Amino acid sequence: MPQYHQFDALVVGAGGAGLMAALYASKSVNTAVISKLYPTRSHTGTAQGGISAALGNLEEDKWEWHAYDTIKGGDFLCDQDAVDIMCREAIDAVIDLEHMGLPFDRTPDGKISQRRFGGHTNNETKKPVMRACHAADRTGHMILQTLYQNCIKNNVKFFDEFQVIDVLIEDGKCNGVVAVQLATGEIHVFHSKATLIATGGFGKMWKVTSNAHSLTGDLPAAVLRRGLPLEDMEFFQFHPTGVYKLGILLSEAARGEGAVFINDKGERFMERYMPTLKDLAPRDICSRCIYTEIREGRGIGGKDYVYLDFRPEQINKYFEADGNPKRIDAHYLETRLPDIIEFARVYQGIDPIKEPVPIQPTAHYAMGGIPTDNDARVLADETGRIVEGLYAAGEVACVSVHGANRLGTNSLVDLVVFGKRGGIAMAEYCKQASFRPINRDAAAKEGAAQLDRIRNNNGNERPHAIRKEMQAVMDDKVGVYRTGAGLEEAIDKIHELQARYKRIRIDDKGFKWNTDLMEAWELGALLDLAEVTAFAALARTESRGGHYREDYPNRDDVNFLKHSMAWKNGTITLKYKPVRITRIQPQERKY
Amino acid sequence: MRAFPILGAAFSIPMKINLKIKRFNPETDKKPHWETYTVEVEPTDRVLDALHEIKWNQDGTLALRRSCAHGVCGSDAMRINGRNMLACKVLIQNIAKDGDTVTVEPILGLPVIKDLIVDMEPFFAHYRAVMPYLVNNDPLPENGRERLQSPADRERYDDTTKCILCAACTTSCPSFWARGEYVGPAAIVQAHRFIFDSRDQAAQQRLEILSAQDGVWRCRTVFNCTEACPRGIQVTKAIGEVKEALRTGIIQ
């Protein structure tokens, strides 16, 4: 029997954005959080290096500099009013986290410690600035734990291990969600006045990715199927330092502490490309430079990887060459970067203190997603019409504060700032809104039918074979370097895979903890998002930030200083909306 | 001239291993049974990769939890060759040679729901019982900034901030196996994280909770928890420090 619940405010997803929204909404309205994982399993917990805020604890800094860096880092596709909000409110948000108990590392005088990160600069000297507030190299873990702890303190209601499969939208208004309880297989209808989606990224459409297995884009796919658009899907960030072959992230904090990229000749090649910021250039640029080195035969042993070198004597050598008086030793690195040093030791059998570490770019972060305004309210179209009762925040949302390329640490800034704004906006809305009627039986029936179709499908295709082929074509054709012909090939392939997906067969026909079924359902979501991504990438005949077209290598502000909006109604329709530019005019992006 | 040696051998030479997995399907089985699968893996594959190989290419009914796949989210604690580990953090080459059999079972002491998935609710109930959150009722700093904490005070509780709530420690503890009401090592680690945080003011309340019948005195100092912790937390030491605080009434 389907079950029915009613809450003023629902939050789907229990990472940083979801928990922040829940903390703030639950102060004044009846709130519940639905998550397909236990909250502490969420991917926010894997964020490593830091959360930026212009606290100026170690050197002069200003939120306006943070904003400028973010906009330039985003290759001028950021909506600048949103960036100003984020960078200004980041300061209070970080202080708020400290007050909640977050164990930040400390400066000698007891303040929150800060370090350098890619693309974050003193705007006057153009040199890197210490802006990233950190707790060793597990800042995200500490954020996630602290927010969950505060949710327990405040008795926030959780539905753990419930997977949302549909969003109830009628007449342009959202009335809740349909979920399946994983332990039982039962359908639950959640009726709400306001719903906030905070389910994170969807990097599992690529094979080499830093993303968790659970990051499958369930909710963006669900809203797409309900006729809503997704914004800027062609912009996906490839982080330069993934563990070779595995894609596990080695934080940019390593380079913040002095590590450098090295090619087969032992050359610190970033000096050639970006003479000022060098190895601390933004991620999109570093990833392209690595691939250029590899293509020109300077990958290690001619293969498809380069080294990240953070041996202390090497770091000190480069500090000296850069005129930086700082010197470090092995103990310092073990304290500042314990987890990533352990990753290299466990997964590669390499001790980074003694040997350079093989790395390659890894699919990392969705700049695009569900379009929202600055209060996390979801937008229905390119004119800015609101979907009443629907909100989104964090990586799943596109405000857009990251534009065409996100700066390191800004994902955490985004999720605390806009998670909070979303929570507050939902609560205010709930106080004046009433529940709209829903047909709960029809909603439950439709949800069950979605799953039964997969459970009972009598085809001959194994979902995993389809997933593997999707990931291969996305790695190959929709990666760091893209071409028109390659993207067309990718779209054809995805269409073929979607047709084959209709003929899948799963082994597990049961109801309780049927992960065979849920993985197959997730694959359907990923295929839809892969299709949208490749389409939007094909249409954008320019290169900007994380989207690089070899056949159109230049940025084209005349034709493409605009956000894409994609609808899927059988086929994909693309529309565009202008970028909101306030203080900073687009300029050439040099570091 | 090459500047560095080429990384090669570590990524090659596939091997065959058998995975003997304890299976239970609540919809069809009365009790658990063992099933053995043969898989080809790379020596540097994780046990999780081998489980995925079975799930994706041989038998989709195999149920397990997993997410981040690199030892941070804490989803996939299981009993591998009789010891608690995260399936994503142990490489095949470290536990098996070509042709070996590796046993995989759910962690002990929590009710099995299906295959490798156990009911985590009793574990999280213990976690919630120790007030796992900062309590500080002083007014916030007037300048609107952070509370100050010296690097030494911050360092004091660093080890126990690493906990990912995977339950590997608690479900390796004989005292917990014997009595599920015992709060267990993970909950004590969480309490320790706040008891020794200079900003916190609820240490006495937590110590009271932990001095109760099913609190810290159930620990018999077996050290299983410390061995099991995938984050390298000195769990037994942390429990010892809580015991010491209770004995002396001094928190330092």
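The contact between the two chains takes 47 residues from chain B and 52 residues from chain A, two residues being in contact if their C-beta atoms, placed from the backbone, lie within 7 Å. On the side of chain B that touches chain A, the elements giving two or more residues are α1 (47–57), β6 (112–114) and α3 (151–156) of chain B; helices (H or I, at least four residues) and strands (E, at least two) are DSSP runs, numbered from the N terminus. The residues of this side of chain B comprise 24 nonpolar, 12 polar and 11 charged, where Ala, Val, Leu, Ile, Met, Phe, Trp, Tyr, Cys and Pro count as nonpolar, Asp, Glu, Lys and Arg as charged, and the others, Gly among them, as polar. The model is predicted, and local features need pLDDT of at least 70, side-chain atom pairs count only at pLDDT 80 or more, and totals for chains, interfaces and linings use all residues. Residues are numbered from 1 along each chain as its sequence is written, while chains are lettered from A and ligands numbered from 1 in the order in which they are written.

Chain B is divided into domain 1 (9–118) and domain 2 (121–140 + 150–248), with bounds that come from an automatic or database domain assignment. The centres of domain 1 and domain 2 of chain B, taken over C-alpha atoms, are separated by 29 Å, and 14 residues of domain 1 of chain B are in contact with 14 residues of domain 2 of chain B. Strand β4 (residues 83–86) of chain B gives the most to the side of domain 1 that touches domain 2, with four residues.

Helix α5 (residues 184–195) and helix α8 (residues 235–248) of chain B pack at an angle of about 60°, with their axes 9 Å apart; axes are lines fitted to C-alpha atoms, for helices over the stretch in contact, and angles run from 0 to 180 degrees between N-to-C directions. The contact of α5(B) with α8(B) has 10 nonpolar, one polar and one charged residues.

In chain A, an open sheet of three strands has the order β10-β19-β20, with antiparallel pairing, two strands being paired if DSSP finds at least two bridges between them. Strands β10 (230–231) and β20 (571–578) of chain A stand at the edges, each with a single partner strand, so one side of each is left without a neighbour in the sheet. Strand β19 (residues 562–569) of chain A pairs with β20(A) in the antiparallel sense over eight bridges, and W567(A) has T573(A) in β20(A) as its bridge partner.
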